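Please look over the sequence and the 3D structure shown here. A short report on the fold, the core and a few single residues follows.

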Amino acid sequence: MVAPNEKYIHSKSRLHDQPHTIKNRFYANVLLPDERGCMIWSGYKNKQGYGHLRGFDEKMILAHRFSYALHFGPFDSSLCVLHHCDNPSCVSPEHLFLGTRKDNMQDCSRKGRIGGTAKINILRKNNDK
Ligand SMILES: [Zn+2]
């Protein structure tokens with residue numbers, strides 16, 4: 001069975017990896033929900049604790065962004081995927097929400113973090129162009 005979201009991810013990627021392969025790879029690196037409902041990424045994580053997934057064409061993608069797209073479908077790539085649970089390693093769709101970079105900065109500063117990941121996202125986005 002192919003969910004509409006998978007079709008989106010596939011077409012949006014501009015590349016030709018099998019959607020099932022990347023989806024399987026995603027779930028292979030996700031632990032079962034803990035007591036807070038967080039689904040922790042067990043694969044490679046960056047310094048900020050955000051999960052990385054080897055995506056289409058060997059590109060590294062952020063696991064929580066992939067999770068959001070997988071479960072909720074298309075979103076503007078300029079938007080940030082933020083965590084309700086403030087757990088960067090968490091990829092639970094129930095804990096993710098979309099925000100602007102400004103929201104991300106405010107969210108980070110409210111939670112006592114500097115917006116390091118936001119910077120990474122901005123760099124990555126510019127590199128994509
Ligand atoms: Zn969580």
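Two residues are in contact here if their C-beta atoms, placed from the backbone, lie within 7 Å. This is a predicted model, in which local features need pLDDT of at least 70 and side-chain atom pairs count only at pLDDT 80 or more, while totals for chains, interfaces and linings use all residues. Residues are numbered from 1 along each chain as its sequence is written.

**Overall layout**

Five helices and four strands make up the secondary structure of the chain. Helices (H or I, at least four residues) and strands (E, at least two) are DSSP runs, numbered from the N terminus. Their order from the N terminus is α-α-β-β-α-β-β-α-α. Of the contacts between residues at least 6 apart in sequence, 47% join residues at least 24 apart.

A residue is buried if 20 or more other C-beta atoms lie within 10 Å of its own, exposed if 12 or fewer, and partly exposed in between, with C-beta atoms placed from the backbone. By this rule 25% of the 129 residues in the chain are buried.

**The core and α3**

A nonpolar core is a set of buried Ala, Val, Leu, Ile, Met, Phe, Trp, Tyr and Cys residues joined through C-beta atoms within 7 Å. The largest one has 18 residues, and Phe-26, Ala-63, Phe-66 and Val-91 have the most contacts inside it. At least two residues of this core come from each of α2 (19-28), α3 (63-72) and β3 (80-83). The most come from α3, which gives five residues.

Eight of the ten residues of α3 are buried, among them Ala-63, His-64 and Ser-67. Val-91 touches these three residues and also Val-30, Met-39, Trp-41 and Gly-51, not counting residues up to four places away in sequence. Just after α3, Gly-73 has a positive phi of about 90 degrees.

**Two loop residues**

Ser-78 is in the loop between α3 and β3. It counts as exposed because it has 10 C-beta neighbours inside 10 Å. Pro-88 is in the loop between β3 and β4 (96-99), and it counts as buried because it has 22 C-beta neighbours inside 10 Å. Pro-88 is in contact with Gln-48, Gly-49, Tyr-50 and His-83, leaving aside neighbours within four places in sequence.

| Pair | Apart along the chain | C-alpha separation |
|---|---|---|
| Ser-78 and Gly-99 | 21 residues | 9.4 Å |
| Pro-88 and Ile-40 | 48 residues | 8.7 Å |
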